[in-house]
Each structure stands twice: as structure tokens, then as C-alpha cells.
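Here are my notes on the complex, in the order I'd go through it at the screen. Have the chains coloured separately before you start.

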Amino acid sequence: MSARDEILARVRRAVEGAPEVAIPRGYRTTVRVADLVGLFAERVDDYRAVVHVLPSAEVPGKIAELVAGRRMVVPDGLPPEWQVPGGVAGGTVAELDGADGVVTGCAVAIAETGTIVLDAGPGQGRRAQTLVPDYHLCVVRADQIVAGVPEAVARLDPVRPLTWISGPSATSDIELNRVEGVHGPRTLEVIIST
Amino acid sequence: MRVALFITCVNDTLFPGTGKAVVSLLRRLGCEVDFPTAQTCCGQMHVNTGYRQEGVRLARRFTEVFAGYDAVVAPSGSCAAMVREQYPKLVRPGSRGAAAIAEVTPKVYELSEFLLDVLKVDDVGAYFPHRVTYHPTCHSLRGLHLGDRPTRLLQNVRGLELVPLPAADECCGFGGTFSVKNPAVSAAMGADKARSVLDTGAEVLCAADNSCLMHIGGTLSRQRTGVRIMHLAEILASTEASSQGGDAQ
Amino acid sequence: MSATFIGMPGNFPQNAAKAVQNSQLRYNLRKATHTIRGKRANVVNELPDWQELRAAGKAIKDDTLRHLDRYLVQMEEAVTRAGGHVHWARDADEANRIVTRLVQATGESEVVKVKSMATQEIGLNEALAAQGITAYETDLAELIVQLGDDFPSHILVPAIHRNRAEIREIFLDKMRPVPADLTDEPRALAEAARLHLRERFLKSKVAVSGANFMIAETGTLVVLESEGNGRMCLTLPETLISVVGIEKLLPSWRDLEVFMQLLPRSSTGERMNPYTSMWTGSTEGQDFHLVLLDNGRTNVLADEVGRQALRCIRCSACLNVCPVYERAGGHAYGSVYPGPIGAILTPQLRGMSSELDASLPYASSLCGACYEVCPVAIDIPEVLVDLRAKVHHAPAERAGMRVAGWILNDEVRLSKAQRLASRFRKVVPKRLPGPLSAWTDTRDLPEIPEESFRDWWERNERA
């Protein structure tokens, strides 16, 4: 018998006659938050990421100011108004390793947990592009922010490669105290465009 | 109301003063108290050490002895939790003894539950002019979810100064046969609990379980700390009259 | 290279007796577990629907286990459809052979690894080493354990038993390259790990991971992490091999809305962990292999009481809150799964034939703190008690418990025993001999009363 068939047979024998299970979903699937932008900004800030809340018209100027002097990776499909001069494509790992940072948009953001989710869609790049450079500048549009985790899960497409980001790279492996800055980008900067 | 006292084997054998205190307290509050003498042990030691067969025998005996009472009161959070939480899992529904277990177990109360939930009394008219700290034992805290019942009763005792115990919700390390099967860890836990007790500056350590008190008290006594242990029932049974002749014991 | 725990001698009480006297270990563990306890409590109390999430988490896992056969087949189909390859492993040897073969097929002799309990359980690193393949652990704590030639002692933070000064010494001794002026600041230690692993990440061709969750409906794998080493391993190499226990499934995509709340808050005490990667099949052109691992899980599944241990999502909240773990440390459990969950999982996965494994169900005072914090409501005390009934008991203990049961099953016999004790109350020694010395070594005995309660009652009430 193949391993597959044997394991499946063992599973069936093991659970034979076990009762069916009803799943109670009494938890909150939608959350009312009066100030989504404010809560999201506060929670991102808790992770020691840098947060700016700006009207959309001021975002291009802020991006230009923040990336000045940095060799930035610019993923495909980044909106023209967020483009940076002299951006590199970041096609190879060596090119990514040589860059100083990356500027992206996102797919959805979660206020309650201060989380940004990238789904490799336009302006978000392949996963390596937001991983290898040491600085990640992410622009979140206010209408992309949802209150809680269930709303974000509902908006996402599981077939796309997803990366959930909550603050800069960190570790709690030394005495269970969180310190920022290990293998991923050591600086996460978020612009919330309202 | 016909109330049966379930003394528990540990109290019966080693802490009779607790049983006497429960009798005097309940009578003071107008209850008719009976002690069915055929009672022995709830079976917790056997079940929790892995001797289920002996434990089930004792559980069946318990349900026979205590059938027919309006309430069964135990001065032990641990034994009350054994009966209420573990008995129903010991015997499969439909098998011998299952019906008796289903009938008797909901009527079993730990003392503070009985006072507050059944008698609806939170001031038992006690007098105990001492500095006391209270340790919520694991089975009364996480098994029975007694919450603040014991401390509400203690707060209403005249003369009593209740000081909070640091890290109160941590286990003292008794754990029944755990105390002798894993003596090193048990003693380490007991040492930390004893230190928390000493930090309060209390003269009396109170709890709803004499087995845990025996462990912490044995540790405190070995260190010659001069802190004494008292069961909740003994403090609640103390009155101005009884205190003139010493405490309830 | 850290050795495996399998075949470790001794038993829990002996191992723990040594550990409780190790002041460094006690200090490190107390500090770390108390830190994380506070953080967890804060972020759990922040959610008004924690108990509802917990109830849902428990039920979703129970449903997964009830129909595990169906969900496994569904998962296999979805992964295959998305360009991945699925392999099945009955036990550790089979899983190790599959992974070794897959690595050999790439022509590489080095792999990078994301921290994974499943690959530790099967001793994958040692199996690969035997075939000339070097596995590099990339999680900071795993790196500390691997460099220090040590055993992991915690599910989430395998080097929890080490403090910053010890970590610095291990790095200075074993890490190359290492900054000469390395301090014991956590930030500096993390930076050293970054430098040490950077090149390896960028050039690695093969990675091995586990997974926190697999979604049967979509074929998606989910890995939660903090440092970015996971993302490096999951993203950059051309070949990715994930070894995952069959119980890690969740039926539907939607179920993540529960577990992405339960797991981060329970494990690191954060609202969300820094990074979570989710991928389905061959993503961005990678060659993806999923190895589905049984290795004793179907035995656990067959046990009506014990199967709830398979709900475990490896958050380690039960370790962090356990008073026994805090004092005995993880190594005393002799397994990659220490603490309360280890005490019920290890004896079920490995059986209870060794002295060590037979002692694990007793490594608990049954205080219930583990059950209270468990995000999937595993009643660990219930399973411990159930295992205690199945373990082989020492003949002397069995005889003693039989006698005790015989006395306690008759009030006349009990009364006689009590009177006997009372008669000799004045001559009971302060230090008892034999096994009873386990009590009197550290605790005084209570005074035996002149008469039992029942004798007092007979004398006063029956008159």
C-alpha cells in the first residue's frame, strides 16, 4: 500500500464514529471603528515603524523627500504619481541587494493590528523586492484600510502570494524582548494617503 | 434544607478542626447539618495518579452516600471540583453509575459557593482580628471558578485585615501525588509561594483547601517563619465569643 | 550540530531536580516567561471576543480532524493544481528519505531552513548530514542552539534558556564572521546574525520549511515569523520543500480570520507577528514540494481523549504560563515538544515505553493554567490524567495505591486506620524514610490530630 493510501486509511479508522462538529462563529466579523486611519497609524507606530498621514496631493512630495539620495527599487505598476527619479527595476537578487530601498503600494491594511498586506499586484512587486532592500516605504490609501482581520481575509485572494507585514523585521529570541532589525527591512515607513 | 457535610478524607484524617468549623458555621446560619458516616474519599488521588478503577469505585460510593440531600457542602475546592468537573467524564453516559453521577454532582458545593450562591450570605458575622492573606488554590480558581467569593466573605469578617497575595494565581506546587513524584519542582514552587506569603507580612495564610495549605504550611513551618495556616471555614466560624478561648481549632 | 532527543536517558523528575538547582537557568526562564505572560495577557484582554475566537478555533480544528481524510485529499489536489508536488510520509525515516532525495535531485549540498517543529521532530538535519547535506538554521534562536551544539528548550524560542551574555559568548566562539567588538545588546546580537546569514540567504538554491497552517480549500501554506529569515527562505531559493504534519490543515480560507488572531497574540504576545507569508503551489516560478507527515499522528487521532492534542497550533502559551516548565526548563522533557503540550504530545507520538516518556504525564501539578491560556482549548490536565491511567505503574506504587483504595472504600477500615495514626501521633518521625522522604525533605508534616473528624462527630452528635 502506498504511504498516501495507508495514511488515509489510518485516518479513516481513527475517526470512525466520531461526532460531527458545528463551528460557532460568534466572534466579530466586522468591527466599527470611528477613525480607521487614526487607529491604523497608531498601531503601525506601536511597532516602531514611521508613519505619515497626508492628503493624497502631498504624497508625491513626501515620497520625493524621503527617497532623496537613496537608490530605490520601483516595482511594476506603481502609480505614476508615486514614481521616484532614477528607480531601479530590481530584477535580480544582486540588483536588490545593491539597492537602498523599495517603494510600494499595498493590497489591504488592517487597522486593529497595524498590518499591511502585499499581494504582488501592481505597484507591490515580487516578494523578494520588499524583502532584500533594507528600507521599505509603503503607501497605503485610506480606502484600503479595514478594521479587523476578518475583513482583510475576505478581501484577499489566496491564490496570489501574500505577505503580511506588521512593522519592521524584529525578533523576540533574546530573553523574549522584542528588538527591531534582523533579516527583513530594518526600517518600515508608511505613508497613509487620505 | 437538608445539608450534608462532605468532609473529604484529608480533612477528616488530618484537619478535623475544619469540619467542626463548617458544622458550627452552617448551624449558626440556620442549616440542619448531617454527616453521612459512610462517606470516605472522592477518589481524586487515585484518578489523578492513574488508578481509574479504584477512583471510579470511590466515585460510585460517593454518589450512593450523598443521594437524597438538597445540598452537599465540601470545605475543599479541589474535592468539589473533582466531583463536579471530573466525575461526569469518568463514567460513560448510559453505563452503571452515570445516572447517579448526573443526579448528585450538581448539588455539590464548595463552602464559599454554598454561602454566597445558595444561602445568599456574604457576611457570616465572623470576628477575626488578624492580618490574613488568601491563596486561591488552582482547583477553586480554575476548576470551580470561585472568583472573588472567598475574599468577599473574608472582607466582611470584623477585625480581619486582608492583604493581597502577590502572584496569587500561581500553583503552590502541591498537586497531590505530584508533591512526592516530582519533589524537586514541587518544593521549588512551594518555596516561591512561601516567599510570596512572607512578602505580605500576614500572620495567617488562608485557603479553601487544606491539602494545598498543608504543602505551603509545611514549607513555612520548615523555615520557621511563624506564619500559620487556616482554612477559610475556620476563620468564618470564628466569633468574638470563640476568639476569647483561642481560635476555632 | 544539535543532536536529537530520541533515546535520551533519565526521567523527568531526575532531569528537573538538576534543573531547579541551576541558578542561571532559573533566572533566565523566570525572566523570559514572566515577560511574555504579561505581553500575552495585554493583547488577549484587548479583544472583547477572545473566548468566541477560542471556541471557533477549537471547533474548526475538531472539524478538521473529524474529516482529515477529505481535507488531505483536497489539499493534495489544490497544491497539485497550482503546480506543486505532494509527498506522503508515514514516519520520520520516510520523510527524511523524501527530503534527502529532493535535495539530491537539485545537485545542491546545502539547504537553508526556516524554524520548523516537524523537521526537528523527525531529526531532519541529522538525516541530511548523514548524506553529506548541510542544513543551516536561520531563525535566531535556532542559530544560537545550532552554534552552541545545544538542545532546543522551547517551541517558539528554542534558546529561551540562554541569556544575552551567554548568546554573545556562543557567537564569539562559533560564529564566522563575527564582529570583534560584539556587545551583549540584543540589537547588536541580532545585527551579527543578520551579517552572518546574509550571503547564505542570497545564494541558497534550496530551502526547507514547515508551516503553521495549510488551507485545504485553496492549497495555501502559511508561515508566521518575525525576523524575515522565513521570507528569505520561502522567497529566494529555486526549490522549496515544506514538511508539514497532517494535522496542520484548516478547511477553508476563511478560517484564517480566526487563527491569524489567535496565534500571534498567544505566542509572541503581539497583535500581529512582523511577517506572515502565504503561498499556493509553485509561486513565482519556484519548484515547490509539500511533504505530508504522519509520524504517529494517526495514533493520536485514534484516541478519543488524547486526539485534542492535535488541535495544537504550537503557540507555546502553555509553556510560558506553566509553573513546572518555568522551574524545570525545556530540556527536562527530553523532547522537541517540552512543557504541558509536550507532556501530552510526546508520550502519544512516541509511546510510553521508555522511562522518560512514561514520566512525562506526571510532569504537572494539574494546576490548569495551560488549559486556561490555550487558544484552541486543549484540556491538557484531562489528557494528562487519561495518559496516567494508561502508563505502566511501578509495582510498589501499584501495591500502595491498591491498599489505599481498599482502606478508603470502607468507612470502618478508614476509621481504624485513622485511629492507628492517632495512637502513634507522638512518635511519627519528623523525617520519614523511603519514598515518603520526598515530602519531609523540604516540608514539615502536619500534626496528626488526637481524633479524626468522624470520631468527633460520633462522640458529640450521635450521643
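1. For the classes, Ala, Val, Leu, Ile, Met, Phe, Trp, Tyr, Cys and Pro count as nonpolar, Asp, Glu, Lys and Arg as charged, and the others, Gly among them, as polar.

2. Some housekeeping. This is a predicted model, where local features need pLDDT of at least 70 and side-chain atom pairs count only at pLDDT 80 or more, while totals for chains, interfaces and linings use all residues. Residues are numbered from 1 along each chain as its sequence is written, and chains are lettered from A and ligands numbered from 1 in the order in which they are written.

3. How do the chains share out their contacts? There are 2 pairs of chains in contact, and of these chains A and C share the most contacts. Chain A and chain B, on the other hand, do not touch, and their nearest C-alpha atoms are 15 Å apart.

4. The A/C pair also has a strand pairing across it. Helices (H or I, at least four residues) and strands (E, at least two) are DSSP runs, numbered from the N terminus, and two strands pair if DSSP finds at least two bridges between them. Strand β8 (residues 162-165) of chain A runs antiparallel to strand β9 (residues 275-280) of chain C, with 4 bridges joining them. If you want one bridge to click on, A:I165 is partnered by C:Y275 in β9(C).

5. Now the other contact of chain C. Here 49 residues of chain C are in contact with 53 residues of chain B. Several helices of chain C supply at least two residues each to this side, including α1 (12-19), α19 (380-390), α20 (395-408) and α21 (411-423). The largest share, 5 residues, comes from α23(C). By class, the side of chain C that touches chain B has 29 nonpolar, 9 polar and 11 charged residues.

6. Chain C is assigned domain 1 (12-298) and domain 2 (395-461); such bounds come from an automatic or database domain assignment. Taken over C-alpha atoms, the centres of these two domains of chain C are 51 Å apart.

7. In chain A, look at the open sheet of 5 strands, which has the order β1-β11-β6-β3-β2 and parallel pairing. Its edge strands are β1 (50-54) and β2 (72-73) of chain A, each pairing on one side only. β1(A) pairs in the parallel sense with strand β11 (residues 187-193) of chain A over 5 bridges, and A:L54 sits opposite A:S193 in β11(A).

8. Chain B is split into domain 1 (2-118) and domain 2 (131-244), with C-alpha centres 21 Å apart. Across the join, 26 residues of domain 1 of chain B are in contact with 22 residues of domain 2 of chain B. On the domain 1 side, α2(B) gives the most, with 6 residues. That side has 12 nonpolar, 11 polar and 3 charged residues.

9. Within chain B, strand β5 (residues 131-134) pairs in the parallel sense with strand β7 (residues 204-207) over 3 bridges, and B:V132 stands opposite B:V204. β7(B) is also parallel to strand β8 (residues 228-231) of chain B, over 4 bridges, with B:I229 in β8(B) as the bridge partner of B:L205.

10. Last, the helices of chain B. How do α11(B) and α12(B) cross? The axes of helix α11 (residues 183-199) of chain B and α12(B) come within 9 Å and cross at roughly 75°; axes are lines fitted to C-alpha atoms, for helices over the stretch in contact, and angles run from 0 to 180 degrees between N-to-C directions. α11(B) and α12(B) are therefore roughly perpendicular to each other, a label that covers 65 to 115 degrees. Among the residues that meet are B:G190 and B:A194 in α11(B) and B:I216 and B:L220 in α12(B). The contact has 5 nonpolar, 3 polar and 1 charged residues.

Conventions: Contact = placed C-beta atoms within 7 Å. Parallel < 35°, antiparallel > 145°, perpendicular 65-115°, else oblique.
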